[in-house]
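Open the model in your viewer and keep the selection panel at hand. The tour goes stop by stop: select, look, move on.

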Amino acid sequence: MEQLPKIVRERLQVTPKPEVHPDADLLTAFAENSLPERERTPVLEHLSQCGDCREMVALAAPEVVLEQVAAVAAMPASPSRTRPTWSSRLILGWGTLAACIAIGVLLLRYQTHERNLPQLASREAAPANVAPMSNEAASIDAKKRPGSEPSASPGLTAKLESPLPPQARLKSRDKRESVAKAVSPMVAGRLDEKQGGAGAVSGEAGALALRPAPAIPQQEQVTVSGGADQVAMADKPQEEAKATAQSSSATQTRAAAPPPAASSQAENNNAPAPPPPPASSVQSKSSVNSIAAFARKKDAFETAQAAALQKETAARMNANYVPTRWSISADGSTLLRSNDEGRTWNPVNVASNVVFRAVSSFGTEVWAGGKNGALYHSADHGQHWVKVKPSANGAELTDDIVSVEFTDSQHGKLTTADGKIWITSDGGNTWQVQ
Amino acid sequence: MTAPSVQPVVEISAGLEALVASLYRKSGGEAFALSYQQFAGILKEIAGKYATAGATSGELHELFSSLRVEELALARACAFGNEKAWDVFLTRFRVKLYDMAERITRDYAGARELADSLYADLYGTESRDGQRNCKLASYTGRGSLEGWLRTVMAQEYINRYRHQKRLVSLEEKEEDGSQFAAADPEPASEVDSRVQSATDAALTALAAEERFLLASYYLDGRTLAEIARQLHVHESTISRKLDKLAKSLRKDIVARLTKQGMSRRQAEESMEIDVRDLQVNIRQHLTQKSDHPTFSKEEVKPQAEDGIG
């Protein structure tokens, strides 16, 4: 760049400073580029002479916040990080690879299952000898060493489940990623070796969880060795297995109303809980082993996930837990969420063409109201939103909502611009107008 | 910009009544117990502050339409002490204020203090003539409320910093070596007045934005990106403009100086003379040839013993 003559620099410095300064409103309007030209020019003229006002405009510039929000919006949502690190990218990459392989294997398995369905026969389950599982064992992570790989040795058993229906197989990438941390890569590798290399050889638990299990006898038992820490599952009837599967993912659903901590973990797990496997028929012996391996991995994964969730819930229940904060962008078009006491804010997409004016959160429940009666509700920290249309006495709420107050998941109050108050005591299903 | 003590009286004509009514509905002020009359009074006050005397209906229409009426109603309702308005305000801005303060001060403790102080001003902890002096009462909706809060906070920060600077302790001054500071040097001979006047004329001929660019980049040390954001243009635009400005200034000053009788070479050399360099040169001259009078017109024959030192 061409250098400025020194004499020019010197003369710029000796420019007399003006006495009258523009007020904060004008400087703000200037910074936001909302001044008409006839007003902008005098402000610029003043700023060219007044270093203090230039300093003020520079300090008040919103660009850093917007850049942070934009940068965060460009990444996958992560409650504890503001920037993707190499490890998260690595996990994301492996998760993607595992997902692709798992989907292919699942499709293959499904086709195999469909062909073999008439040949399946049920078997009686053998009772399982199990030992209680410790949290440390449950949080099987990458630090787990060989020796924790599963084998056919007795002592630990896992209840096999019948093959999952198709809808249970497809799980979110995020869920796989989070679980990937809970299952040892070595376990996955050794398991896979025992299966003759069938399916994905991946350290990611997502691959394990999604490895297709051929149709298996409903109650067949297989053993899983957990090394020093015994990983075990009690023998349960099918209803208990269903309850276990549901409880491990209960924090993902609205009905369970989990504590905020558990739900923030569940932010990454938005897949529905797999329904209980239907009754199955006899399977050929060659597929039993693979089924057993899949069941072992699935159970280990679900157990690890549940235990990890318990651990995190307990950790978050202590005094250091930081609740989620909600706010609204300056123009009302976006909700903003912070998981670190407001240091960073992530935009949350709710709906387009909505101007929000009020937001209220209680635990995992979030209610946001805005113009023209727009009302949205999320039960999972803003992961999913439902549009709510309050109506009372046959009339819908169409006025602007200026205030939202919810004291718990059931009882809430909306205040509209025309002064009316809408009250619900059943979580928004029915409303009364005051 | 109007001087604060002179505000023309503005009456809202019948033609603007419909606009005012529409803006009142849009503002949602009724929910905060802000009446139509109060709202209209606020608009009159804003018009009196920013509209020129004898502003036409069209100009007032443009001014009112550009206002952020929702935030204006919220701020003014807070100023009137409406609790519901404060609830909304706190929901939206409580956390943001701390974030703004932290970004300005880059210091957590200082940020808390700054934000808390601003909160007190916004709420109006001080009263004057029985009326609570609430800073939110001065918000006019020309810009966003969040931007206004940032500007007010920056203003507060700069005022505090200046105030603290004046209160530097004597010990700090001693540490800075102020008591051992050398006496002010002799004033150096001035740069050719023709150069100064040509430079001043060239700078005056620039547009306000161009002078702002020069001041921001060369005096304040702002980066191209920062300046670009302030002016809402691309960074490369600022770079091109500054380059072009420097070239055109140089050319303009040289042209003015040559018109006044200077040669081109003289003019170009004179632009690069720094007054501080002149002072240094004088000192060096005095140090090197202390036994010779300075600025003497006599020729000095070089002697064998002459040398640096």
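A crossing of two helices is left-handed if the near helix is turned anticlockwise from the far one by less than a right angle, and right-handed if clockwise. Keep that in mind for the first stop. Note too that this is a predicted model.

**Stop 1: two helices in chain B**

Select residues 69-79 of chain B, which form helix 4, and residues 83-105 of chain B, which form helix 5. Two packed helices are described by the angle between their axes and the distance between the axes. Here the angle is about 120 degrees, and the axes of helix 4 and helix 5 of chain B are 8 Å apart. Which hand does the crossing of helix 4 and helix 5 of chain B have? Helix 4 of chain B passes helix 5 of chain B in a left-handed crossing.

Now show side chains. From helix 4 of chain B, pick Leu74(B), Ala77(B) and Cys78(B). They meet Ala85(B), Trp86(B), Val88(B) and Phe89(B) of helix 5 of chain B. The residues of this contact between helix 4 and helix 5 of chain B divide into seven nonpolar, no polar and no charged.

**Stop 2: across to chain A**

Three strands of chain A form an open sheet in the order 3-4-5, with antiparallel pairing. Strand 3 and strand 5 (346-348) of chain A stand at the edges, each with a single partner strand, so one side of each has no neighbour in the sheet. On average, neighbouring strands of this sheet are turned by 35 degrees against each other, direction ignored.

Go through the pairs:

- Strand 3 (residues 325-328) and strand 4 (residues 335-338) of chain A pair in the antiparallel sense over four bridges. Arg325(A) has Ser338(A) in strand 4 of chain A as its bridge partner.
- The hairpin of strand 3 and strand 4 of chain A has six residues between the strands. Select Gly332(A) there: its phi is positive, near 80 degrees.
- Strand 4 and strand 5 of chain A pair in the antiparallel sense over three bridges. Leu335(A) has Val348(A) in strand 5 of chain A as its bridge partner.

**Stop 3: another helix pair between the chains**

Select helix 1 (residues 6-13) of chain A and helix 9 (residues 193-204) of chain B. Their axes come within 10 Å and cross at roughly 70 degrees. Helix 1 of chain A and helix 9 of chain B are therefore roughly perpendicular to each other.

On helix 1 of chain A, show Ile7(A), Val8(A), Arg11(A) and Leu12(A). On helix 9 of chain B they meet Val195(B), Gln196(B), Thr199(B), Asp200(B) and Leu203(B). The residues of this contact between helix 1 of chain A and helix 9 of chain B divide into five nonpolar, two polar and two charged.

Widen the view to the whole contact between the chains. How many residues does each chain give to the contact? Chain A gives 61 residues and chain B gives 66 residues. On the side of chain A that touches chain B, the residues divide into 31 nonpolar, 15 polar and 15 charged.

**Stop 4: a four-stranded sheet in chain A**

Four strands of chain A form an open sheet in the order 12-13-14-15, with antiparallel pairing. Strand 12 (401-406) and strand 15 (432-433) of chain A are the edge strands, each pairing on one side only.

Step along the sheet:

- Strand 12 and strand 13 (residues 412-416) of chain A pair over five bridges, in the antiparallel sense. They form a hairpin with five residues between them.
- Val404(A) has Leu414(A) as its bridge partner in strand 13 of chain A. Glu405(A) stands opposite Lys413(A) in strand 13 of chain A.
- Strand 13 and strand 14 (residues 421-424) of chain A pair in the antiparallel sense over four bridges. Thr415(A) stands opposite Ile421(A) in strand 14 of chain A.
- The hairpin of strand 13 and strand 14 of chain A has four residues between the strands. Gly419(A) in the turn has a positive phi of about 90 degrees.

Is strand 13 of chain A mostly covered or mostly uncovered? Strand 13 of chain A is mostly covered, with four of its five residues buried.

**Last stop: all of chain A**

Select chain A whole. Its secondary structure comes to 14 helices and 15 strands. Of its 434 residues, 45% count as buried.

Technical notes: Residues are numbered from 1 along each chain as its sequence is written. Chains are lettered from A and ligands numbered from 1 in the order in which they are written. Two strands pair if DSSP finds at least two bridges between them. Two residues are in contact if their C-beta atoms, placed from the backbone, lie within 7 Å. Ala, Val, Leu, Ile, Met, Phe, Trp, Tyr, Cys and Pro count as nonpolar, Asp, Glu, Lys and Arg as charged, and the others, Gly among them, as polar. Axes are lines fitted to C-alpha atoms, for helices over the stretch in contact, and angles run from 0 to 180 degrees between N-to-C directions. A residue is buried if 20 or more other C-beta atoms lie within 10 Å of its own, exposed if 12 or fewer, and partly exposed in between; C-beta atoms are placed from the backbone. Angles under 35 degrees count as roughly parallel, over 145 as roughly antiparallel, 65 to 115 as roughly perpendicular and the rest as oblique.
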